[in-house]
Amino acid sequence: MNTIVNIYELYKKAYTVTTDSRTINKDCVFVALKGEHFDGNDFAMKVAEEGVAACVIADRKDLPKHERLFVVEDSLKCLQSLAKLHRERIGLPILGITGTNGKTTTKELVSAVLSKKFNIVFTQGNFNNQLGVPLTVLRIKPGTEMAVVEMGASHPGDIDELTNIGEPNFGMITNIGRAHLRDFGGYEGVAKTKNEMYQYIAKHNGLLFVNNDNALLMNLANNINKVTYGTNQNADIQGKMLSANPYLSVEWKGYKIDTQLVGDYNFENVMAAICIGTYFKVAENDIVDALSNYCPTNNRSQVIETGKNRVVMDAYNANPTSMSLAIKNFRNICKSDNLLILGDMRELGEESEREHKMIIELLKELKFKNVYLVGNEFSKSSENSEFSSFNNVEELAQYLQKHPVSGYDILVKGSNSVHLNKIIDSL
């Protein structure tokens, strides 16, 4: 019996895998990973003595032999192989979701809908990379009926790699926008990588869920089995946006769905959830109930009433596409007294200065007056502009202490690494 199969048989004792030595429990499999600032192998012997079924370690010749220790060349690749084997042994449907913007929100909405009928496993947070995807697959236990697996990409080939681990029967791309341009070598690289989802589904005779209003996605999905959604009369599942001021309301089959989502750009995410729920025969009233009661978290398009201002907090991530959409939506919903706090968009490479300048031009075009720009990229791009610029969030916080704001609608948007979420106490 080879090592992976052996570990897999032990994994089936509890169907639990962890990479954190602080969260082990009886009969789980512990996989020791090594990072820049930690080495899980250092805890291997302690973990092996604490009742785990197996402890997977990278090649550490300094550790003594132990019946629960399994030495492999690459512990992450071992984890991925374990997940792939588990996927091959289970017959349940898996939906893979990728896209530049909205994939985490769409995953959450879809999971809320499907949970009304099925016992499902879905990606926690945005744990959607080469580590997160196998861990999600390995959370599938006997009794699980479906899985929804978010798949992110930072480099060419990432989606191809992740689909070959998770092996989805169903797939969707939320959209294809301008993000991680530095690592993809431009927009064309982004599109090619996201399209790896469609190509996997086509190769394995699966089914796609496609936004009929998105010409690029419809073109990429040509000649692939699909169910479509959108406002287009040719879509299989049709809906209409009623309003987004600030919360999105949607009409579908005579139902009025009042969501707790901010932004008209969430319309397509809601329609995707309706489409997928309909395909899997979730009752219509359950679909409506799930979407009405879903509440976004983690600084994703949250409306926060601070007592002094109404803040649209959308500071988990930012790229040129999502930033533009957020700004345009804010123009539609805000009062005359408004303020925008925008942080740098990271990982844009050579395109960074141009993309930040384009955002500044958009702000001028929409006639915004009160804008605070935070970060080095915006600072470089905002020379000779009428907007205030700050090197970091700490500088902005100090400024707001001396110049407090009250009675404003405020949009807070930027890449997570700018830490704009820290500014809420100053608003």
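**Rings, sheets and cores**

Modeller: Start with Tyr255. Tyr255 is partly exposed, at a relative accessible area of 28%. Bear in mind that this is a predicted model.

Colleague: Noted. Which ring pairs with Tyr255, and in what geometry?

Modeller: Trp252. The two rings are stacked, with 5.7 Å centre to centre and 25 degrees between the planes.

Colleague: And is Trp252 buried or exposed?

Modeller: Buried. Its relative accessible area is 3%.

Colleague: How many aromatic pairs are there?

Modeller: The count is 14. One of them joins Phe209 and Tyr279. That pair is edge-to-face, with the centres 5.6 Å apart and 75 degrees between the planes.

Colleague: What does that pair tie together?

Modeller: Phe209 belongs to strand S9 and Tyr279 to helix H10, so the pair links parts that are 70 residues apart in sequence.

Colleague: How accessible is Phe209? And Tyr279?

Modeller: Phe209 is buried, at a relative accessible area of 0%. Tyr279 is partly exposed, at 36%.

Colleague: Which residues make up the aromatic cluster there?

Modeller: Phe118, Phe170, Phe209, Tyr279 and Phe280 form one cluster.

Colleague: OK, sheets. What is the strand order in the 7-strand one?

Modeller: S6-S7-S5-S8-S9-S10-S11. The sheet is open and the pairing is parallel. Strand S6 (120-122) and strand S11 (237-238) are the edge strands, each pairing on one side only.

Colleague: Which helix packs on that sheet?

Modeller: Helix H10, residues 267-279. H10 touches strand S5 (94-98), S8, S9, strand S10 (226-230) and S11. The direction of H10 makes about 140 degrees with that of S10.

Colleague: How are S8 and S9 joined?

Modeller: By 2 bridges. Strand S8 (residues 170-173) and strand S9 (residues 207-211) run parallel. Phe170 has Leu207 in S9 as its bridge partner.

Colleague: Now the 4-strand sheet. What order?

Modeller: S1-S2-S3-S4, open, with parallel pairing. Strand S1 (17-18) and strand S4 (69-71) are at the edges with a single partner strand each, so one side of each has no neighbour in the sheet.

Colleague: How many bridges between S1 and S2?

Modeller: 2 bridges, in the parallel sense; S2 covers residues 29-31. Val17 stands opposite Val29 in S2.

Colleague: What lies across this sheet?

Modeller: Helix H1, residues 3-11.

Colleague: Switching to cores. Which residues have the most contacts inside the largest nonpolar core?

Modeller: Val17, Val29 and Tyr198. That core has 48 residues.

Colleague: What does Val17 contact, leaving aside neighbours within four places in sequence?

Modeller: Tyr11, Val29, Val31, Leu79, Leu82, Leu135 and Leu138. Another core lies apart from the largest one. This other core has 38 residues, including Val113, Phe170, Leu207 and Tyr294.

Colleague: Next, S17. How many of its residues are buried?

Modeller: 6 of the 6. Strand S17 covers residues 338-343, and with that burial it is largely enclosed by the rest of the structure, so look for cover on both faces.

Colleague: Which residues sit on which face?

Modeller: Asn338, Leu340 and Leu342 are on one side, and Leu339, Ile341 and Gly343 on the other. All are buried, and both faces are covered.

Colleague: Which charged end sits over the ring of Phe368?

Modeller: That of Arg331, 4.0 Å from the ring centre.

Colleague: Last one. Where is Cys295?

Modeller: In the loop between helix H11 (284-293) and strand S15 (302-305). Cys295 is partly exposed, with a relative accessible area of 44%.

How values were computed
Residues numbered from 1 in each chain as written. Predicted model: local features only at pLDDT ≥ 70, side-chain atom pairs only at ≥ 80, totals over all residues. Heavy atoms only, no water. Core = buried A, V, L, I, M, F, W, Y, C linked by side-chain atoms within 4.5 Å. Buried < 20%, exposed > 50% of the residue type's maximum accessible area, 1.4 Å probe, protein only. Contact = heavy atoms within 4.5 Å. Pairing = 2+ DSSP bridges. Axes fitted to C-alpha atoms, helices over the stretch in contact; angles between N-to-C directions. Phe/Tyr/Trp six-rings, centres within 6.5 Å; stacked < 30°, edge-to-face > 60°. Lys NZ or Arg CZ within 6 Å of the ring centre and 35° of its normal.
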